[in-house]
Amino acid sequence: MMSNAVTWKRDLDVLVVTIDNPPVNALSPGVLEGIVEGVEAGVADEEVRAVVVIGAGKTFIAGADIREFPKIMAGERPMLSLNPLLERIENAAKPVVMALHGTALGGGLETAMAGHYRVAASSTQLGQPEVKLGLIPGAGGTQRLPRLVGVERALELCVFGNPVTAKEAVDWGLVDALVDGDLLAGAVAYARTLQAPRRTRDLTIESAPEEAIEMIREEARRRMRGQAAPLSALEVVCAADIFDFDEGLAFEARIFESLLKGPQAKAMIHVFFGEREVVKLPFVPKETRPREIRRAAIVGAGTMGRGIALCFANAGVPVQITDAAPAALGAALDWVKHHYEHAVKHKRLPAEEAARRAGRITGARALTEFGEADLIIEAVSEDPEVKRGVFAEMDRVARPGCLLASNTSTLDIDALAGATGRPGDVLGLHFFSPASVMRLLEVVRGAETSPEVIATAMELARRLRKVAVVAGNKFGFIGNRMFAPYREAAIRCVQEGALPWVVDQAIENYGLAMGPLAVGDLAGLDIGRAIRKEAGMPETVEDALCETGRLGQKNGRGWYHWEGNRRSADPGVEQVVRAWSEKQGIAQRTFTAREIVDRCLGALRAEGRKVLEEGVALRAVDIDIVYVHGYGYPAWRGGPMFDG
Ligand code: T1G
């Protein structure tokens, strides 16, 4: 039987089994069954001496079919059980070679390890990213990997979920040979050199020193705080060195099943598909062709401007940057130089790559030098009049078809478009600080922004390795609009008696990277004070803090006492808050952590519902993606609008 996703044919004395299940050759129902049938057909054919398994299209198997998981969780599908099928591959009486290219991930790598040998194109990535879905490998990966690469390297792959290159995989013993050029021909030639199968399960394990395991455990606790899967993966991989193979498989299956049925996998799979859902825009016709962005240009060399310049340089796009103050431009170019020198020093980039990237950022004396740019982004001060003036000048110098974007975090894009003669080319590109680190990009659509310009922005975001979410043009767009009431709720808890650090701790224990009051200190309490004054809004206790000289991290004192990035409680703050609340006649009470979380996240969700009703966000999942990738909301909780 040849299922249409898997076919096989003989190449003289080697049977070639080809998987063709686009777009990523996922192990959808019937695919692994087809592979097993092909392998066993080869074994039964006396003309065949070995079998090669290869993927058609852009990649080998990229994993189990994640779309099946919600059906399994809902009980509509039986639990995943790939092990009996993989065992039939591993027990084949003739050598089985897995030919890898693209991304051999999760169940894909596990299938490859059930094969006897592996060859790979040098560009292949191999990994067990299951923890990024709140899972652990569920098809023998935790038991076969240690037998091929040793416990310590198996832990690296399974606990953190990051891929390795084919070269590393050869060095580690995970891949037997690299193939340049025609992968199939190379794999068939390799298969002809083999005399016998080599079952991975029979290989001996290289143990890991206890202190190495402990270091990985501590790192997982720190980097993946609150997540169950990484520490589960650690225990199950270590069990490979204790149990025999079948006991280890059974242990892995039990832990895998409990995680798959748990809340964190549901949430992280929601985020996985959400990251792909947000690029689907009903108002951009499928046939819309994005414009080409060969050169970018930035107006404003402050923190955001220079951070955005890094994004383009890192993505291979030449970028100019200018600033009204020559000293600021000089400082920015020095900062860029230092940034890449630092990356080389800390072995984050090879020297020649760092030099290439730094060379893509060039200073310009004035905006008039931006005539060749395909995209100009202004990142000047959040002053509507200043920005309108910059847009008018951008409009004068930019070539036809050049996108004119603002990095504004709140201002009206239509007002900026009105300063130009080309409103269709105007949009918001709201980067999040630090711009070269945070993956979120809010793409703000003005009333006249053309679908082609939006399509261009989405394609650009992909090149910059950003997660782009389209937002409607209303004050604060999606993220900042919701952040305001969320922070106000936290401040109200303090005004009513909760200690600031208790409020932040409750939110951080829930899973957010940083509590809302500490975030306010990073932004600067005086910024909020100026906005309240400008808008004639009522005073809050933060105004009292500003009056005592507490402006935030920038001057070492805000809600917290700051030494660099380290914050500590400041008893003086409690006195200011209590005095202010007493003067306002606010009754004081105690709060449980649960009450603090419910009040703050309740305010966040309530504003999220308004953002949806007003059409500022297209879907609830768009809001989840904004908060996971822009505000440190834990992916293992799914996002503020996710209700499991
Ligand atoms: N299952 C189902 N669909 C998948 C998929 C998967 N594993 N991977 C990708 N897709 C879809 C994706 O939703 C999108 O669909 C299209 O393919 C292109 O994806 C038993 C339990 C492989 C690096 O975690 O990392 O195996 O939106 O836009 O940028 O132990 O996809 O077009 O309709 O991301 O070129 C483990 C997840 C699963 C890999 C390609 N494997 N995928 O990136 O394309 S769990 C993973 C990726 C598992 C075993 C366990 C990436 C990619 P649509 P894309 P890309």
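Biologist: Where is arginine 465 found?
Modeller: Arginine 465 is in the loop between helix H18 (451-463) and strand S17 (467-472). Keep in mind that this is a predicted model.

Biologist: What is phi of arginine 465 near?
Modeller: Near 60 degrees. That is a positive value in a residue other than glycine.

Biologist: Is arginine 465 buried or exposed?
Modeller: Exposed, because its relative accessible area is 64% and the cut-off for exposed is over 50%.

Biologist: Now asparagine 25. What about its phi?
Modeller: Phi of asparagine 25 is near 55 degrees, again positive in a non-glycine residue. Asparagine 25 sits in the loop between S2 and H1.

Biologist: Is asparagine 25 buried or exposed?
Modeller: Asparagine 25 counts as buried, because its relative accessibility is 2% and buried means under 20%.

Biologist: Which peptide bond is cis, with omega near 5 degrees?
Modeller: The one from proline 22 to proline 23. Proline 23 lies in the loop between strand S2 (14-19) and helix H1 (31-44). A cis bond also joins serine 433 and proline 434, with omega about -5 degrees. Proline 434 is in the loop between strand S15 (426-431) and strand S16 (440-445).

Biologist: Switching to domains. How is the chain divided?
Modeller: Into domain 1 (6-261), domain 2 (296-476) and domain 3 (480-615). The C-alpha centres of domain 2 and domain 3 are 31 Å apart.

Biologist: Which residues touch the most other members of the largest nonpolar core?
Modeller: Ile376, Ile478 and Trp559, out of 76 residues in that core. Helix H19 (residues 479-495) gives the most to this core, eight residues.

Biologist: Why does this core lie between domain 2 and domain 3?
Modeller: Because domain 2 (296-476) and domain 3 (480-615) both give residues to it. A second, separate core has 75 residues, including Leu157, Ile216, Val236 and Leu259.

Biologist: And valine 616, where does that lie?
Modeller: In the loop between helix H25 (593-613) and helix H26 (620-630). Valine 616 counts as buried, at 3% relative accessibility.

Biologist: What does valine 616 touch, leaving out residues up to four places away in sequence?
Modeller: Its contacts include Val470, Phe477, Ile478 and Arg481. Valine 616 and asparagine 473 are 143 residues apart in sequence, yet 7.0 Å apart in space, C-alpha to C-alpha.

Biologist: Last one. How much space lies in the second largest pocket?
Modeller: About 380 Å³. Its lining divides into seven nonpolar, one polar and four charged residues. Among them are Lys280, Thr288, Met458 and Arg462.

Definitions and conventions: Residues numbered from 1 in each chain as written. Predicted model: local features only at pLDDT ≥ 70, side-chain atom pairs only at ≥ 80, totals over all residues. Heavy atoms only, no water. Core = buried A, V, L, I, M, F, W, Y, C linked by side-chain atoms within 4.5 Å. Buried < 20%, exposed > 50% of the residue type's maximum accessible area, 1.4 Å probe, protein only. Helix = DSSP H or I, 4+ residues; strand = E, 2+ residues; numbered from the N terminus. Domains from an automatic or database assignment. 1 Å grid on protein atoms, 1.4 Å probe; cavity = no way out; pocket = protein on both sides within 12 Å on 5 of 7 lines; lining within 4 Å. Points joined across faces, edges and corners; volume = space filled by probe spheres on them. Nonpolar A, V, L, I, M, F, W, Y, C, P; charged D, E, K, R; others polar. Contact = heavy atoms within 4.5 Å.
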